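Good morning. I will go through one structure today, starting with a sheet and ending with some helices.

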Amino acid sequence: MPQQPPPQRIALVAFPGIRAFDVAVITEVWGIDRTDRGAPAFELRRCGPDARPVAMPGGLTLATDRDLEWLENADLVVVPGVDDHLAAVPEAVLTALRRAHEAGTPVASLCGGAFVLAQAGLLDGRRAVTHWNLTTLLAAAHPSVDVVADALFVEDGGIWTAAGVAAGIDLCLHLVRTAHGAEAAATIARAMVTAPFRTGTQAQFIEHPATAARASRAAGGASDTSTSTSHVLAAVREQALRRLSEPLSVADLARWAGMSPRSFARHFTAGTGTTPIRWLLDQRIAAAQQLLERTALPMPEIARRCGFGSEVTMRQHFAARLATSPRDYRRAFRAVG
């Protein structure tokens with residue numbers, strides 16, 4: 001049997017005020033042994049400034065099992081969100097984060113954890129995202145940060161940041177996918193009963209102030225109409241996934257929805273945060289990744305099944321979106337997970 005690679009070492013940075021939800025997400029993704037289902041092996045350590053339990057909002061505490069020096073041994077450092085976004089972070093934590101980044105270790109934050117990275121100076125001159133309700137505060141408190149308003153997560157110079165709450169799950173699964181392949185991320189996502197990846201931006205979740213007239217119309221039944229449209233769009237997406245091998249167009253999807261192409265594109269983008277064409281491409285790439293990992297099918301057949309039309313087109317999209325080729329992707333991930 002081939003020798004199994006050593007576990008990927010994940011450092012969860014723990015200090016007073018971190019959010020329990022983000023700690024739970026990090027633990028769910030990297031802290032549970034799922035090797036019996038084909039998932040990679042991980043070593044997750046909770047690294048704090050000292051041996052004392054870390055207090056979290058809600059009366060919870062987190063026991064640490066390593067000090068901050070362990071970040072030097074980590075393959076990935078993850079910072080949970082914090083409850084008080086402007087509170088001073090312990091200098092020992094900031095120093096440890098700077099050293100990890102200087103050593104070339106990827107550093108990621110969830111939700112308000114971007115404020116921690118910003119305090120450490122790691123986001124100066126870099127693109128970063130946080131919860132949509134905190135973007136203005138992040139920009140005001142740390143003007144040297146290039147705050148992205150609507151992404152689910154972004155990477156800049158080895159620093160990853162994620163938007164609010166569920167976007168932390170998206171980023172964690174993406175980091176698994178980047179290191180171990182789409183099938184490994186899908187295995188963990190299935191265990192968590194969540195999607196391996198979501199497309200779109202957090203724009204779809206941002207609250208926009210409604211005028212009194214709009215609120216009045218909403219009370220008069222617009223909610224039912226919105227729900228009906230959501231169901232129609234979900235049915236269209238499901239049908240598209242069953243027919244990925246076909247050269248689908250926005251006009252095709254709009255016809256299934258019983259809408260004009262312009263109206264369909266508007267509703268689709270409002271409901272998903274991405275365009276129909278972008279969503280289709282994301283699904284085609286994801287399907288190709290799974291076939292490259294799971295099967296020995298030749299490249300032209302994978303391209304056909306995923307609707308790229310030709311191996312050349314598939315290769316171009318892989319290069320643009322994943323910065324690799326289908327063949328290199330297969331070599332890297334077929335035996336993983």
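**A sheet and its helices**

In strand S11, Trp160 is the bridge partner of Glu155. Keep in mind throughout that this is a predicted model.

Let me stay with those two strands for a moment. S10 and S11 are antiparallel, and four bridges pair them. They form a hairpin with two residues between the strands, and there Gly157 takes a positive phi near 65°.

Now the whole sheet. For those new to this, strands of a sheet pair through backbone hydrogen bonds, either parallel or antiparallel. What is the order of the strands here? Reading across, it goes S5-S2-S1-S6-S7-S11-S10, which makes seven strands in an open sheet with mixed pairing. At the edges are strand S5, residues 66–67, and strand S10, residues 153–156, each of which pairs on one side only.

Further in, take strand S1, residues 8–13, and strand S6, residues 76–79. These two run parallel and are joined by three bridges.

Two packed helices are described by the angle between their axes and the distance between the axes. For helix H1, residues 20–30, and helix H5, residues 166–180, the axes come within 10 Å and cross at roughly 30°. Angles under 35 degrees count as roughly parallel, so H1 is roughly parallel to H5. The crossing of H1 past H5 is right-handed. Which residues make the contact? From H1 they are Val25, Val29 and Trp30, and from H5 they are Gly168, Ile169, Cys172, Leu175 and Val176. By class, this contact of H1 with H5 has seven nonpolar residues, one polar and no charged ones.

The last stop is another pair of helices, H12 and H13. Their axes come within 9 Å and cross at roughly 70°, which means that H12 is roughly perpendicular to H13. On the H12 side, the contact is made by Glu311, Met314, Arg315 and Phe318; on the H13 side, by Pro326, Arg327 and Tyr329. This contact of H12 with H13 divides into four nonpolar, no polar and three charged residues.

Two of those residues come up again when we turn to aromatic rings. The structure holds five aromatic pairs. Phe318 and Tyr329 form one that is edge-to-face, with 6.1 Å centre to centre and 80° between the planes. Because Phe318 lies in H12, residues 311–322, and Tyr329 in H13, residues 326–333, the pair ties together parts that are eleven residues apart in sequence.

That is the end of the tour. Thank you.

Terms used: Residues are numbered from 1 along each chain as its sequence is written. This is a predicted model: local features need pLDDT of at least 70, side-chain atom pairs count only at pLDDT 80 or more; totals for chains, interfaces and linings use all residues. Side-chain values use heavy atoms; hydrogens and water are left out. Axes are lines fitted to C-alpha atoms, for helices over the stretch in contact, and angles run from 0 to 180 degrees between N-to-C directions. Angles under 35 degrees count as roughly parallel, over 145 as roughly antiparallel, 65 to 115 as roughly perpendicular and the rest as oblique. A crossing is left-handed if the near helix is turned anticlockwise from the far one by less than a right angle, and right-handed if clockwise. Contact means heavy atoms within 4.5 Å. Ala, Val, Leu, Ile, Met, Phe, Trp, Tyr, Cys and Pro count as nonpolar, Asp, Glu, Lys and Arg as charged, and the others, Gly among them, as polar. Two strands pair if DSSP finds at least two bridges between them. Rings of Phe, Tyr and Trp (its six-membered ring) pair if their centres lie within 6.5 Å; planes under 30 degrees apart count as stacked, over 60 as edge-to-face and the rest as tilted.
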